Amino acid sequence: MIRTTERFVATNGVRLRVTEAGERGNPVVLLAHGFPELAYSWRHQIPALAAAGYHVLAPDQRGYGGSSRPDDVAAYNIVELTSDLAGLLDDVGARRAVLVGHDWGSPVVCNFALLHPDRVDGIVAMSVPPVPRPPAPPTELWRRAFGDNYFYILHFQEPGVADAELGADPAATMHRVFADVDSALGPPETRRSEPSPLPAWITQAELDHYVAEFTRTGFTGGLNWYRNFDRNWELTAHTPAATIDVPTLFLAGAADPVLLFTPRDRVRDVVTGPYRELLLDGAGHWVQQERPAEVNEALLAFLAEIHR
């Protein structure tokens, strides 16, 4: 039986609630969730990785769950988010780790490899591929491509607006997120009138866990990550490493709608180490929850290559 614990770690000026499993001193695997998720999103991976001999750390990242939720929007910039993770490695005495990120967690771990290159053995980017720094501030590019309102990331930019919409009924929001991710997060007028049934890969009890947490915390912490895209662009003009030179795996569902606006044709501009991608047929955005057996198999194979 794998023992999983929760504890709080003070790091980088915040307090993070961390789910932990495996023996301290074993190779560290750090799991970084996305929006609107929690460390709980890795519930299928944590015991499997620990059973295979890894020391697993999965935080509620800043703004989420049991972790600190700073008021200042700028507190959610990429330098702070990556420094939080470096602090978790410091806390367990680990110099280096393999970092796995899903959704927003993917750009966090990819930027970790650029900002803290001496602390990473490998990167797994899930659902959002590694992408090079764009030629202009991201919101400027998205407004040119999508107009002002109907791309969900642009809708998230104005503080308070999406916060109120998503927080008005967290149960309905989280149901839509997992059942209809392609239409769940934009302005209300873009959403389906009737949500799809809850998919088979998530139980009502599991959904209720998310609902309880986001009912308590609201969505502002996670939304503030999106409000730093342009600030992050400025902060990453010059990074300690120019590219990701460690082994990198991109893993996603082939049916993930995020792939429609995150093309992979320029991955090699940012990843110069060994690179592989794996798309799971029929899987959508929440790939580690939808297809845990296949994701675990891929993660363990990747880790075995690094630690052979």
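**Entry 1: the largest pocket**

Helices here are DSSP runs of H or I with at least four residues, strands are runs of E with at least two, and both are numbered from the N terminus. A pocket is an open set of points on a 1 Å grid over the protein atoms alone, with protein on both sides within 12 Å along at least five of seven lines; a cavity is a set of points where a 1.4 Å probe fits but cannot get out; lining residues have an atom within 4 Å of a point.

Before going on, I noted that this is a predicted model, in which local features need pLDDT of at least 70, side-chain atom pairs count only at pLDDT 80 or more, and totals for chains, interfaces and linings use all residues. Residues are numbered from 1 along each chain as its sequence is written, and side-chain values use heavy atoms, with hydrogens and water left out.

The largest pocket holds about 1200 Å³ of space. Its lining has 42 residues, and V131, P132, R133, P134 and F229 are the closest to its centre. I sorted the lining by class and got 29 nonpolar, eight polar and five charged residues. In this sorting, Ala, Val, Leu, Ile, Met, Phe, Trp, Tyr, Cys and Pro count as nonpolar, Asp, Glu, Lys and Arg as charged, and the others, Gly among them, as polar.

**Entry 2: the cavity**

How many cavities of 30 Å³ or more are there? I found one. The largest cavity has about 30 Å³ of space, where a volume is the space filled by probe spheres set on the grid points, which are joined across faces, edges and corners. A113, P117, V120, A241, T243, I244, D245 and V246 form its lining. By class that lining is six nonpolar, one polar and one charged.

**Entry 3: the nonpolar cores**

I then turned to the nonpolar cores, meaning sets of buried Ala, Val, Leu, Ile, Met, Phe, Trp, Tyr and Cys residues joined through side-chain atoms within 4.5 Å. Buried means under 20% relative accessible area, exposed over 50%, and partly exposed in between (1.4 Å probe, protein chains only). The largest core has 64 residues, and F35, L99, I123, F178 and I244 have the most contacts inside it. Another core lies apart from it, with 25 residues, including V29, L280, A298 and L303. In soluble globular proteins, nonpolar side chains tend to be buried together.

Setting aside neighbours within four places in sequence, L99 is in contact (heavy atoms within 4.5 Å) with L30, L85, V109, F112, V120, G122, I123 and V124.

**Entry 4: helix α7**

Is α7 mostly covered or uncovered? I found that α7 is mostly covered, with seven of its 10 residues buried. The buried ones are P170, T173, M174, H175, R176, V177 and F178. Their cover includes α6 (161-167), α8 (204-217) and α12 (287-290). T173 lies in this helix, residues 170-179, and has 2% relative accessibility, so it counts as buried. Beyond four places in sequence, T173 touches E165, L166 and F219.

**Entry 5: salt bridges**

I counted salt bridges next, each a side-chain nitrogen of Lys or Arg within 4 Å of a carboxyl oxygen of Asp or Glu. The structure holds 18.

D121 and R96 form one, at 2.7 Å from N to O. This pair links distant parts of the chain, 25 residues apart: D121 is in strand β6 (residues 120-126), and R96 is in the loop between α2 (78-91) and β5 (97-102). D121 has a relative accessible area of 23% and is partly exposed; R96, at 34%, is partly exposed.

E140 pairs with R144, with the closest N and O atoms 2.4 Å apart. Both lie in helix α4, four residues apart, about one turn of the helix. E140 is partly exposed at 34% relative accessibility, whereas R144 is exposed at 60%.

E294 and R291 also form a salt bridge, at 2.6 Å from N to O. I also noted a network in which salt bridges with shared partners join R7, E20, R24 and D91.
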